[in-house]
Amino acid sequence: MTKNLAFAILVAVGTCQHSPQTTFTNPILDTGADPWMFRHDDYYYLTYTNNVNVKLFRSKSLTQWSDAESKTIFQPVPGMNYSTDIWAPEIHQIEGRWWVIFTADPRNDSPPPEVEMWCEYSCPAVHHRMYVVVGMGNDPWTAQYQFQGQLETYDQFAIDGTYFRHGDHLYHIYSCWYRKYDGWPANLCITKLSNPYTTASRFSERQIISVPEYAWEKTPFGRASNDRLSSNEGPQQLTNPTTGQEFLIYSAARSDNRNYCLGQLELVGEDPMNPSDWRKHPYPVFYQNPSESAFGVGHASFTTSPDGSEDWMVYHGMKDPTNGWSARTIRAQKFDWNDDGTPNFPKPGYGPYQVPNGQ
Ligand SMILES: *[C@@H]1O[C@H](CO)[C@@H](O)[C@H](O)[C@H]1NC(C)=O
């Protein structure tokens, strides 16, 4: 017995030294919001909102980021319209280049009073716009990044923009207001692009494909009197790899409290610029889980396990929902698909969970 036990301990110690971890816990990063992760060749790449610049991180592991390499790929010069509040960066490979799309504004969310006075409610975000940086080269790590310019949104509020690809066409989907000085609600708008930095459709062709209409898209929950703090934002394209169904997963309600959640649009027609070709799910598809102290979960992006067999979501959430934006941390979980082809997101939590297949 003693000899067998000793042997077993030896084997166990050997296993610990040479095998990678089989589980992980959330969060995968202790601070940060609006995570955007993708896999390219043998690496995962991650960027997220840090307010001051765009940093790119890379790791061989989807869930291990504490010792990841990092580099700054965009540092704005001061005094420009895009110098502050750098939010929600994403990096897409389109036609052989890396396109960094992000939100920025000129002066830390504080427009002059003679601009702000036009808004129906307070609207510090009135000067937020979308901007593009391009990276030349096939490898996102060694690519040479340079500022490309603004992505036109008709000189109106625009945040959380993403590229949406359908057929041969490229679209910009972003969080928008109906009119220049609305303040609220924040809707989802779509415009057509002729390339990743050029809007091809006129203002009259801009379409609103989602507004915060349900109780869970408003803040506070079910707010009846007006649309203040009611948001649709953080849109992300998600394609069912088996059926080809196209989804737009977005964030709803308000990012600084427990009710932030994910909503779902499905493209059920042929034309993303036709609002009636989108079908909205009447309930949130990913939302707070108080029994595990997982609150304010949203702004997801999507990637796969190293062997490509599993779909993973990377999102932010809060353990303490009472302290606003600074409480957000970055998390990852596996998700599946329902029989009707829609994504089946898990309940948010902290694990431990199995690491991605092949990690
Ligand atoms: C900066 O933003 C303001 C307000 O949107 C706009 O009127 C102005 O043309 C912008 N400046 C440049 C150089 O784009």
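Here come some questions and answers about this model.

Q: What should I know before reading the numbers?
A: This is a predicted model, in which local features need pLDDT of at least 70, side-chain atom pairs count only at pLDDT 80 or more, and totals for chains, interfaces and linings use all residues. Residues are numbered from 1 along each chain as its sequence is written.

Q: What pLDDT does the protein average?
A: pLDDT is the predictor's confidence in each residue, from 0 to 100. The protein averages 94, and 95% of the residues score at least 70.

Q: Over which residues does pLDDT stay under 50?
A: That happens over residues 1–18, where the model has zero contacts beyond four places in sequence. Two residues are in contact if their C-beta atoms, placed from the backbone, lie within 7 Å. Where pLDDT is low, the predicted coordinates should not be read in detail.

Q: How many helices and strands are there in the protein?
A: There are two helices and 23 strands. Both are DSSP runs numbered from the N terminus: helices are H or I with at least four residues, strands are E with at least two.

Q: Why is the protein called as compact as a globular protein of its length?
A: The radius of gyration, taken over C-alpha atoms, is set against the globule rule, 2.2 Å times the number of residues to the power 0.38. The protein's value is 21 Å, close to the 21 Å that the rule gives for 359 residues, so it is as compact as a globular protein of that length. Along its principal axes, the C-alpha trace spans about 80 × 45 × 40 Å.

Q: Why does Y171 count as buried?
A: A residue is buried if 20 or more other C-beta atoms lie within 10 Å of its own, exposed if 12 or fewer, and partly exposed in between, with C-beta atoms placed from the backbone. Y171 has 21 C-beta neighbours inside 10 Å, so it counts as buried. You can find Y171 in strand 11 (residues 169–176). Leaving aside neighbours within four places in sequence, its contacts include F164, I190 and P272.

Q: What makes C119 buried?
A: C119 has 20 other C-beta atoms within 10 Å, so it is buried. C119 sits in the loop between helix 2 (113–116) and strand 8. Not counting residues up to four places away in sequence, C119 touches V126, Y181 and G183. Across the protein, 43% of the 359 residues count as buried.

Q: How do you know that strand 7 and strand 8 pair?
A: Two strands pair if DSSP finds at least two bridges between them. Eight bridges join strand 7 (residues 97–105) to strand 8 (residues 129–136), and these strands run antiparallel.

Q: Why do strand 6 and strand 9 stand at the edges?
A: Their open sheet of four strands has the order 6-7-8-9, with antiparallel pairing. Strand 6 (84–94) and strand 9 (144–151) each have a single partner strand, so one side of each is left without a neighbour in the sheet.

Q: How many bridges pair strand 3 with strand 4?
A: Strand 3 (residues 43–49) and strand 4 (residues 54–59) pair in the antiparallel sense over three bridges. Y45 stands opposite R58 in strand 4.
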